[in-house]
Amino acid sequence: MNPSVGTTHVVGLGVAGLSAAVRLVDAGHRVALYDGAKAAGGRCRSFHDAKLDCRIDNGNHLLLSGNKSALSYLDLIGARDELAIEPSATFPFVDLASKQRWTVDINDGPIPFWVFDRTRSIPDVRLTDYLPALRFPFAPSSATIASLTGDNGALFERFWEPMTWAVLNTTPDRASAQLMWRVLRETFLKGGGACRPMIAKRGLSETFVDPALHFIQGHGADVRFNDPLKAIERDADRATALIFADRRIDLAYEDTLVLAVPRAVAGRLLPDLSIPDGDASIVNAHFKLAHPVPNAPPPLIGLVNAKTHWIFTRGPIVSLTISAADALGLDRLSEDELLPMLWREVCDALSLPADMDYDAARLIRERRATFDQSPSSVAKRPKTRTAIKNLFLAGDWVDNGLPATIEGSIRTGEMAAKAVIQ
């Protein structure tokens with residue numbers, strides 16, 4: 001460690017805070033970490049669910065092989081092998097209204113030959129339907145996805161709408177076109193080599209959280225849980241003390257602070273900070289079967305004309321994601337209403353017998369899964385550096401050029417660590 005650079009205090013141990021911490025300790029910095037919860041991971045974690053009597057993730061997360069920040073982070077903590085990486089960029093879909101099935105199979109290389117091949121592309125789509133995508137690089141900050149693509153047609157229904165829900169957790173008429181463009185630029189426009197699906201083999205904690213904590217603690221860092229930050233004292237343009245429930249930590253002149261807490265907490269601690277507004281919810285459903293799902297379905301399948309957007313299967317567990325559940329009016333439905341409806345969609349999508357049942361089910365509602373990723377809200381994202389010279393921000397709500405995803409969260413931690421080191 002380099003004692004001349006002081007201590008960096010990282011508050012908040014979601015993947016953004018963990019990303020900052022592993023970069024800092026790897027660079028030889030002294031780091032102390034704090035979280036108000038009893039475990040690390042934030043919205044990216046696994047836990048034992050008593051109702052299902054098994055370990056599940058709090059939400060379903062899909063990464064792509066072009067997510068360079070996530071892969072660099074996993075390489076650093078020695079956890080890349082925890083990801084199951086599909087051998088090719090294939091995405092199976094089913095339209096529950098028409099019963100039509102297809103697989104998008106993206107070829108390697110930047111030239112999208114797959115759109116010319118009807119066996120590898122989206123059915124009922126003409127080549128000219130792809131032309132509105134050329135508007136994305138030039139979209140103004142106020143543009144929404146629907147304003148560029150239109151809001152009808154097979155391509156909208158079978159590509160732009162599912163992509164918007166998955167990437168931006170909102171509806172195309174509200175979603176920022178600039179954020180979508182940055183995702184396309186880093187993944188789809190680079191070809192299949194950057195679009196292969198990657199899913200945690202065992203769980204989110206085993207992949208993104210536990211190896212990071214082991215790495216950080218192996219470098220001598222102090223980690224404290226159940227320790228929420230109550231206030232930040234400051235003098236002019238520097239943070240001078242951290243106030244916790246039972247103690248005060250004075251910051252030396254050389255000390256720095258990485259604040260990687262949820263945006264609502266950051267707004268309370270820093271009332272003059274500009275933060276994105278609005279909440280967007282995600283509903284996840286987990287069904288436990290008596291045996292692994294029959295007929296070995298793909299680990300991921302997208303649904304069109306359904307309440308469910310994505311189905312993930314792992315052994316006997318079938319997990320569903322409903323993005324933008326608030327905008328679609330689904331986050332307020334009771335379990336008794338929603339679970340039978342979702343299970344019928346599972347049976348249809350996975351070609352299961354109509355009378356097949358599950359052993360147990362769990363519905364998880366994340367009412368504040370992401371901020372509202374509309375152009376007006378995105379414009380309020382703060383930068384990594386703040387007016388407080390020794391305080392830096394991390395979190396998916398911080399401006400990093402990407403939507404509120406694992407990749408974006410990890411990148412903000414990387415950006416904060418670089419700012420501290422510089």
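**Exercise 1. Starting from the contact between the side chains of Ser 69 and Glu 414, which are 3.3 Å apart in a polar contact, describe the surroundings of Ser 69 in this predicted model.**

*Solution.* Begin with the polar contact itself, in which the side chain of Ser 69 meets the side chain of Glu 414 at 3.3 Å. Then list its partners, setting aside the neighbours within four places in sequence; Ser 69 is in contact with Glu 407, Ile 410, Arg 411 and Glu 414. Finally, consider accessibility: the relative accessible area of Ser 69 is 5%, and because buried means under 20%, this residue counts as buried.

**Exercise 2. Arg 411 takes part in a salt bridge; find its partner and say which parts of the chain the pair links.**

*Solution.* The general idea comes before the particular case: side chains of opposite charge can pair when their charged atoms come close. Here the side chain of Arg 411 meets that of Glu 186 in a salt bridge, with 2.8 Å from N to O. The pair joins distant parts of the chain, since Arg 411 sits in helix α10 (residues 406–421) and Glu 186 in helix α5 (residues 177–186), 225 residues apart. As for accessibility, both Arg 411 and Glu 186 are buried. The structure as a whole holds 28 salt bridges.

**Exercise 3. Locate the salt bridge of Lys 380 with Asp 277 and that of Arg 368 with Asp 279, and state how accessible each residue is.**

*Solution.* Take Lys 380 and Asp 277 to begin with, whose side chains meet in a salt bridge of 2.5 Å, N to O. This pair links distant parts of the chain, with Lys 380 in the loop between α9 (375–378) and β20 (391–393), and Asp 277 in the loop between α7 (263–269) and β15 (279–288), 103 residues apart. Lys 380 has a relative accessible area of 33% and is partly exposed, and Asp 277, at 33%, is partly exposed as well.

Now turn to Arg 368 and Asp 279, which form a salt bridge whose closest N and O atoms are 3.4 Å apart. Here strand β19, which holds Arg 368, is linked to strand β15, which holds Asp 279, across 89 residues of chain. Arg 368 counts as exposed at 56% relative accessibility, whereas Asp 279 is partly exposed at 33%. Salt bridges with shared partners also join Arg 224, Asp 227, Asp 246 and Arg 247 into one network.

**Exercise 4. Where does helix α4 bend, and is the helix largely enclosed or open?**

*Solution.* The bend, of about 30°, is at Trp 160, and a proline, Pro 162, follows within four residues. Of the 15 residues, 13 are buried, so α4 is largely enclosed by the rest of the structure. Just after the helix, Asn 169 takes a positive phi of about 50°.

**Exercise 5. In which loops do Lys 99 and Ser 351 lie, and what are their phi values?**

*Solution.* Lys 99 is in the loop between β7 (89–95) and β8 (101–106), and its phi is near 70°, a positive value in a residue other than glycine. At 52% relative accessibility, Lys 99 counts as exposed. Ser 351 lies in the loop between α8 (335–349) and β19 (360–371), with a positive phi near 55°, and at 48% relative accessibility Ser 351 counts as partly exposed.

Notes: Residues numbered from 1 in each chain as written. Predicted model: local features only at pLDDT ≥ 70, side-chain atom pairs only at ≥ 80, totals over all residues. Heavy atoms only, no water. Bend = angle between axes of the 7 residues up to and from the residue. Helix = DSSP H or I, 4+ residues; strand = E, 2+ residues; numbered from the N terminus. Buried < 20%, exposed > 50% of the residue type's maximum accessible area, 1.4 Å probe, protein only. Contact = heavy atoms within 4.5 Å. Polar contact = N/O pair within 3.5 Å; in protein donor to acceptor, adjacent residues only side chain to side chain. Salt bridge = Lys/Arg side-chain N within 4 Å of Asp/Glu carboxyl O.
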